[in-house]
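Opening the notebook on this one.

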Amino acid sequence: LSEMMSDVTHRLGRRVDIPLSTVSRYVNQAYLDVVNTARPSNMERIAVSSTTSGENRLELPGDFYEPVSLSYLTNIGSSRTLRLVDTRTLDAVGFTPLGVSDRYALYGDWMELWPSPNSAYSLQLRYRSYATTLIAGSDIPSLSTDWRFPIVLKTEAYLHQWLGDPDRARGAENAYAIHIAQLDTDHARRQRDKSGMKVRVIW
């Protein structure tokens, strides 16, 4: 954190009149922006929980940000993966009679299963956690090294806006956009490593 704050103030012309708390706040906002673009793999998590017959709610992990998939750990019915739907869809059909849940919705800090489970099943939730705030000067963002400089560029844009200089803010924003366009996300790098992603005609 301290290194990024120093880089930003240096790029702004060694401005010492900007409160460190303001620089830190905008570094953290820029960090969140970059995380949402980069979607780093080290924020991917797995949580396992068990259902209870007749109980349709399961608590979400404390660091839950967004779901990737929800599936049974053993073969249940015709499919192991549950489908994410809107809460209004579940409210329209109700949660009874009991059965093997094949849909779920997110609400508050829990998930709701439909239909309500008729037995104890083990479920695996793959999800992305949220980015924790950088507080101490030694805190390191949960991003690969090549995605850290965009935090500086985005912070620079925010601080130019804060200083009332929209022209320089646009310039910094453009530099940020050009830089991240040249970077691969963790997902894109994974795709390059996959084999057999071709179209073939089977005779």
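Before the sheet, a working rule: I call two strands paired if DSSP finds at least two bridges between them. I also keep in mind that this is a predicted model.

**Entry 1, the sheet.** I looked up the strand order and got S1-S7-S3, an open sheet of three strands with antiparallel pairing. The edges are S1 (44–50) and S3 (64–72), each of which pairs on one side only.

**Entry 2, S1 against S7.** How many bridges join S1 to S7? I find seven, with S7 covering residues 122–129 and running antiparallel to S1. For serine 50, the bridge partner in S7 is serine 122.

Is isoleucine 46 buried or partly exposed? Its relative accessible area is 48%, so I log isoleucine 46 as partly exposed, since that label lies between the 20% and 50% cut-offs. Ile46 also turns up with Val48 and Leu73 in a nonpolar surface patch of about 260 Å².

I found isoleucine 76 in the loop between S3 and strand S4 (83–84). Its relative accessible area is 12%, so isoleucine 76 goes down as buried, the cut-off being under 20%. Which residues does isoleucine 76 touch, leaving out those up to four places away in sequence? I get Val100 and Tyr121. Isoleucine 76 and tyrosine 121 are 45 residues apart along the chain, yet their C-alpha atoms are separated by 8.7 Å.

Notes. Residues are numbered from 1 along each chain as its sequence is written. This is a predicted model: local features need pLDDT of at least 70, side-chain atom pairs count only at pLDDT 80 or more; totals for chains, interfaces and linings use all residues. Side-chain values use heavy atoms; hydrogens and water are left out. Helices (H or I, at least four residues) and strands (E, at least two) are DSSP runs, numbered from the N terminus. Patches are made of residues with over 30% relative accessible area and no salt bridge: like charges are joined within 9 Å, nonpolar side chains (Val, Leu, Ile, Met, Phe, Trp, Tyr) within 5 Å. Accessible areas come from the Shrake-Rupley method with a 1.4 Å probe; for residues, only the protein chains shown count as cover. A salt bridge is a side-chain nitrogen of Lys or Arg within 4 Å of a carboxyl oxygen of Asp or Glu. Buried means under 20% relative accessible area, exposed over 50%, partly exposed in between (1.4 Å probe, protein chains only). Contact means heavy atoms within 4.5 Å.
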